[in-house]
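Subject: Structure for you to look at

Hi,

Here is the structure I promised to pass on. Please open it alongside this note and follow along as you read.

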There are 2 protein chains.
Amino acid sequence: MARAATTSDAFNAIAEPQRREILVLLRGGERPVTALARDLGMTQPQASKHLRVLREVGLVRVRGMGRQRLYGLDARGLRPVHEWVGGFERFWNESFDRLDEYVQELKQARQEEPHDDDDQ
Amino acid sequence: MARAATTSDAFNAIAEPQRREILVLLRGGERPVTALARDLGMTQPQASKHLRVLREVGLVRVRGMGRQRLYGLDARGLRPVHEWVGGFERFWNESFDRLDEYVQELKQARQEEPHDDDDQ
DNA sequence: CCATCATATGCCCATATCGGCATGCGTCAA
DNA sequence: TTGACGCATGCCGATATGGGCATATGATGG
């Protein structure tokens with residue numbers, strides 16, 4: 001076995017810097033592959049491949065326009081991601097102060113004992 | 001060249017399901033490696049490796065407690081992710097009605113044809 | 001100092017990915 | 001129909017990654 005479940009979900013799709021750039025660009029409206037490739041400084045095949053991934057996870061939709069293929073944003077798939085990450089919101093504020101406090105406390109008095117080995 | 005910039009950022013760290021689970025578990029407080037491994041049904045080495053990644057991107061902190069190593073959450077690194085994704089918030093609402101409209105339109109125009117076209 | 005527990009690492013294998021390149025395929029213009 | 005254009009794919013090479021396993025390392029209790 002190797003590399004468990006990876007591809008196929010938004011989390012993975014946006015893990016790629018270039019794909020994030022594509023999504024950002026698409027906020028400006030639909031665009032054909034070539035335009036995306038040019039603006040992001042990548043080759044056309046590359047753009048197509050990234051777009052394919054984005055399409056597979058449903059973050060973009062395509063619309064055939066003659067010989068062009070207009071790609072457009074479909075951000076619905078980002079909502080779950082936003083919510084998941086949002087579940088940590090209070091932690092990057094509150095919880096952190098607590099940790100900082102904790103560290104200070106530790107430095108000042110090393111005899112203190114951790115009381116959070118809750119369960120097992 | 002192969003595989004451009006990957007590891008080393010929060011986006012990538014949370015692309016792994018198991019690592020997301022670890023983070024969720026850590027919201028409950030610090031925990032030693034073994035406990036995490038057990039609760040998530042993974043081997044100890046695996047847990048250590050994922051924790052290492054999380055540590056490298058700064059999402060968790062370690063604290064040596066005797067022979068144990070207590071891992072704790074440090075969600076600060078998730079904030080940029082939350083903000084980036086949040087930049088698409090208006091799109092998974094507003095912008096989408098437009099697509100829906102488009103789809104409806106499409107269905108009405110050819111409602112007698114199966115045409116399960118869509119992607120690919 | 002020694003045995004042991006708790007972790008971290010190294011190594012190997014299988015595979016997923018990304019980039020580059022050439023090519024296949026569909027659409028449109030003449 | 002032919003040829004150019006726009007894009008999707010297939011294939012190859014390099015590499016990062018994740019899992020499994022054995023073992024090194026650190027700390028603790030005797």
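This is a predicted model: local features need pLDDT of at least 70, side-chain atom pairs count only at pLDDT 80 or more; totals for chains, interfaces and linings use all residues.

Residues are numbered from 1 along each chain as its sequence is written, chains are lettered from A and ligands numbered from 1 in the order in which they are written, and side-chain values use heavy atoms, with hydrogens and water left out.

**Chain A: the fold**

The secondary structure of chain A comes to 6 helices and 3 strands (DSSP runs numbered from the N terminus: H or I of at least four residues for helices, E of at least two for strands). Along the sequence the pattern reads α-α-β-α-α-β-β-α-α. Of the 120 residues in chain A, 41% are buried (under 20% relative accessible area; exposed is over 50% and partly exposed is in between, with a 1.4 Å probe and protein chains only). If you look at contacts (heavy atoms within 4.5 Å) in chain A between residues at least 6 apart in sequence, 49% join residues at least 24 apart.

The 3 strands of chain A make an open sheet in the order β1-β3-β2, with antiparallel pairing (two strands pair if DSSP finds at least two bridges between them). β1 (31-32) and β2 of chain A stand at the edges with a single partner strand each, so one side of each has no neighbour in the sheet. β1(A) and β3(A) pair over 2 bridges, and here Pro32(A) stands opposite Leu70(A). β2 (residues 60-65) and β3 (residues 68-73) of chain A pair over 6 bridges, with Arg61(A) opposite Gly72(A). The hairpin of β2(A) and β3(A) has 2 residues between the strands, and Gly66(A) takes a positive phi near 65° there.

Which helix lies across β2 and β3 of chain A? That is α4 (residues 44-56) of chain A, running at about 120° to β2(A) (axes are lines fitted to C-alpha atoms, for helices over the stretch in contact, and angles run from 0 to 180 degrees between N-to-C directions).

β2(B) and β3 (residues 68-73) of chain B pair over 6 bridges, and Val62(B) stands opposite Tyr71(B).

Arg63(B) is found in strand β2 of chain B and counts as buried at 12% relative accessibility. Its side chain and that of Glu30(B) are joined by a polar contact of 2.6 Å (a pair of N or O atoms within 3.5 Å; within protein, one must be able to donate a hydrogen and the other to accept it, and residues adjacent in sequence count only if both atoms are side-chain atoms). Glu30(B) lies in the loop between α2 and β1 of chain B and is buried too, at 16%.

**The rings**

Over all chains the structure holds 6 aromatic pairs (rings of Phe, Tyr and Trp, the last by its six-membered ring, with centres within 6.5 Å; planes under 30 degrees apart count as stacked, over 60 as edge-to-face and the rest as tilted). Phe88(A) and Phe91(A) form a tilted pair, 6.4 Å centre to centre with 55° between the planes. Phe88(A) is buried at 0% relative accessible area, and Phe91(A) is buried at 7%.

In chain B, the rings of Phe11(B) and Trp84(B) have centres 5.7 Å apart and planes at 90°, so this pair is edge-to-face. Phe11(B) lies in α1 (residues 10-13) of chain B and Trp84(B) in α5 (residues 78-86) of chain B, so the pair ties together parts 73 residues apart in sequence.

Phe11(A), Trp84(A), Phe88(A) and Phe91(A) form one aromatic cluster.

Where does the charged end of Arg27(A) sit? It sits over the ring of Phe88(B), 4.6 Å from the ring centre (the criterion is NZ of Lys or CZ of Arg within 6 Å of the ring centre and within 35 degrees of the ring normal). The charged end of Arg27(B) sits over the ring of Phe88(A), 4.6 Å from its centre.

Best wishes
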